Amino acid sequence: MKTVLVLNGPNLNLLGTREPAVYGSETLADVERICQQAAERLGLRAECRQSNHEGQLIDWIHEAGRLCASGEMAGVVLNAGALTHTSIALHDAIKGAAVPVIEYHVSNVHAREAFRHKSWISPVAVAVMAGLGVKGYGLAVAAVAQVTG
Ligand code: DQA
């Protein structure tokens, strides 16, 4: 059974209490549950990790590259949080590790401040999804299966 890795970046550990008008009231634990259920329906296994540190996310992308190459992993759902808008290092990691990534955002970043419209992840992602709330993580897991299956 292949794994889908779900990576959440900075501040996403605060889901549920952080700006609920923007991000809703569901928590990171809900994200995990939603991803597990979506993966199970597709005959996959979801593994969910969160870090506030860019280097940690990069290390996990590299690891995902190795596991995708060996056929153990299908791909990655990545919500890089604010690093989306700043991190050339994450861009390079995804490109270098040749990992199929679905970029995901809880909020519709394009309907928000202009600084959220630029993404360093989008040019190296297979697909980009945003604005479907916490439940959208399940759709993003399904998207990994769709683009890699
Ligand atoms: C976010 C959008 C980003 O602009 C923001 O910095 C986040 C969360 C989202 O899921 O909507 O931390 O990635």
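User: Cys35: buried or exposed?
Analyst: Cys35 is buried, with a relative accessible area of 0%. Buried means under 20%, exposed over 50% and partly exposed in between (1.4 Å probe, protein chains only). This is a predicted model, where local features need pLDDT of at least 70, side-chain atom pairs count only at pLDDT 80 or more, and totals for chains, interfaces and linings use all residues. Residues are numbered from 1 along each chain as its sequence is written, and side-chain values use heavy atoms, without hydrogens and water.

User: How many disulfides, then?
Analyst: The count is 0. Cys68 is in none either, with its nearest cysteine sulfur, in Cys48, 15 Å away. Cys68 also counts as buried, at 17% relative accessibility.

User: New topic. Which residues are around the ligand?
Analyst: Arg18, Tyr23, Asn79, Gly81, Ala82, His85, His105, Val106, Ser107, Val109 and Arg116.

User: What lies 2.6 Å from a ligand oxygen?
Analyst: A polar side-chain atom of Ser107. With Asn79, an N or O atom of the side chain is 2.8 Å from a ligand oxygen. Val106 uses its backbone instead: a polar atom there is 2.8 Å from an oxygen of the ligand.

User: How much of the ligand does the protein bury?
Analyst: 99% of the 320 Å² that the ligand exposes when taken alone, by the Shrake-Rupley method with a 1.4 Å probe.

Technical notes:
A residue is near a molecule or strand if one of its heavy atoms lies within 4 Å of it. A polar contact is a pair of N or O atoms within 3.5 Å; within protein, one must be able to donate a hydrogen and the other to accept it, and residues adjacent in sequence count only if both atoms are side-chain atoms. A disulfide is a pair of cysteine sulfur atoms within 2.5 Å.
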